[in-house]
Amino acid sequence: DTGVSQDPRHKITKRGQNVTFRCDPISEHNRLYWYRQTLGQGPEFLTYFQNEAQLEKSRLLSDRFSAERPKGSFSTLEIQRTEQGDSAMYLCASEGDIAEKLFFGSGTQLSVL
Amino acid sequence: RKEVEQDPGPFNVPEGATVAFNCTYSNSASQSFFWYRQDCRKEPKLLMSVYSSGNEDGRFTAQLNRASQYISLLIRDSKLSDSATYLCVVVTNFNKFYFGSGTKLNVKP
């Protein structure tokens, strides 16, 4: 499968725990995005990488959220001290250099109890 | 103010109907525009790009009005399989993709 893959598909955690999600973009894509989506809303931008550089981070993203893309390939999104309000679908997307076209992974559904 | 605003719907239409969605955007410097489709519990997928001259892809027509800062999507001869949420997407400089909250379409037999 040459698309964007995300792991895990589902994560249930207790409030206060830390969670980490992984995204593997399409291999030749330099740009990688993280979005969050709640029911009835569109995807909300969280952060964006060009290769290994994190170019932008949403003001909505608290200090409990951190993302990395250490070698410019896969990326991880970590949420520390999870809160119930963090429950959402976390979507990763990648984009090639030429076409402005986002390819999304299937997402990680996070439930914080 | 949100970057992209859409009517959430739902739009309930019979098969064969023509239906149109609009969305407005706030940043006049926005550079690129798209419609994405999202099925229930699935990831968004690109439906079509939107150009100032308008573009058509089969039963789907998209148009952009830069002066009024809105984009539209027209679906002709609706099929049951068109039932989904349609997301309006605006790209600003620095490659920031902003999504609307989506318009839900239900096509009924």
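**Reading pockets, salt bridges and a sheet**

Tutor: The second largest pocket has a volume of about 640 Å³. Bear in mind that this is a predicted model.

Student: Which residues are closest to the centre of the second largest pocket?

Tutor: A:Glu44, A:Phe45, A:Leu60, B:Glu3 and B:Tyr98, out of 27 lining residues. Next, look at the elements. Strand 4, strand 5 (44-50) and strand 6 of chain A each supply at least two residues of that lining, as does strand 10 (97-99) of chain B.

Student: How many nonpolar, polar and charged residues are in the lining of the second largest pocket?

Tutor: Nine nonpolar, nine polar and nine charged.

Student: What is the volume of the largest pocket?

Tutor: About 800 Å³. It has 30 lining residues, and those closest to its centre are A:Gln37, A:Leu39, A:Gly40, B:Cys40 and B:Arg41. Two or more lining residues come from each of these: strand 9 of chain A, and strand 9 and strand 11 (103-108) of chain B. By class, the lining of the largest pocket holds nine nonpolar, 15 polar and six charged residues.

Student: Now charges. How many salt bridges does a search of the whole structure find?

Tutor: The general idea comes first. Side chains of opposite charge can pair when their charged atoms come close. Here the search finds ten salt bridges over all chains. Take A:Arg31 and A:Glu95: their closest N and O atoms are 2.9 Å apart.

Student: Where in chain A do A:Arg31 and A:Glu95 lie?

Tutor: A:Arg31 is in strand 4 (residues 31-37), and A:Glu95 is in strand 9 (residues 88-95). They are 64 residues apart, and the pair links distant parts of the chain. Both A:Arg31 and A:Glu95 are buried.

Student: What is the N to O distance between A:Glu83 and A:Arg64?

Tutor: 3.4 Å, in a salt bridge between their side chains. A:Glu83 sits in the loop between strand 8 (75-79) and strand 9 of chain A, and A:Arg64 in the loop between strand 6 (53-57) and strand 7 (65-68), so the pair ties together parts 19 residues apart in sequence.

Student: On to sheets. What is the order of the strands in the open sheet of chain A?

Tutor: Again, the idea first. Strands of a sheet pair through backbone hydrogen bonds, either parallel or antiparallel. This open sheet has four strands in the order 1-3-8-7, with antiparallel pairing. Strand 1 (5-7) and strand 7 of chain A are the edge strands, each pairing on one side only. From one strand to the next, the twist averages 15 degrees.

Student: How many bridges pair strand 7 of chain A with strand 8 of chain A?

Tutor: Four, in the antiparallel sense. To see a bridge, find A:Glu68: its partner in strand 8 of chain A is A:Thr76.

Notes
Residues numbered from 1 in each chain as written. Chains lettered and ligands numbered in written order. Predicted model: local features only at pLDDT ≥ 70, side-chain atom pairs only at ≥ 80, totals over all residues. Heavy atoms only, no water. Salt bridge = Lys/Arg side-chain N within 4 Å of Asp/Glu carboxyl O. Buried < 20%, exposed > 50% of the residue type's maximum accessible area, 1.4 Å probe, protein only. 1 Å grid on protein atoms, 1.4 Å probe; cavity = no way out; pocket = protein on both sides within 12 Å on 5 of 7 lines; lining within 4 Å. Points joined across faces, edges and corners; volume = space filled by probe spheres on them. Nonpolar A, V, L, I, M, F, W, Y, C, P; charged D, E, K, R; others polar. Pairing = 2+ DSSP bridges. Axes fitted to C-alpha atoms, helices over the stretch in contact; angles between N-to-C directions.
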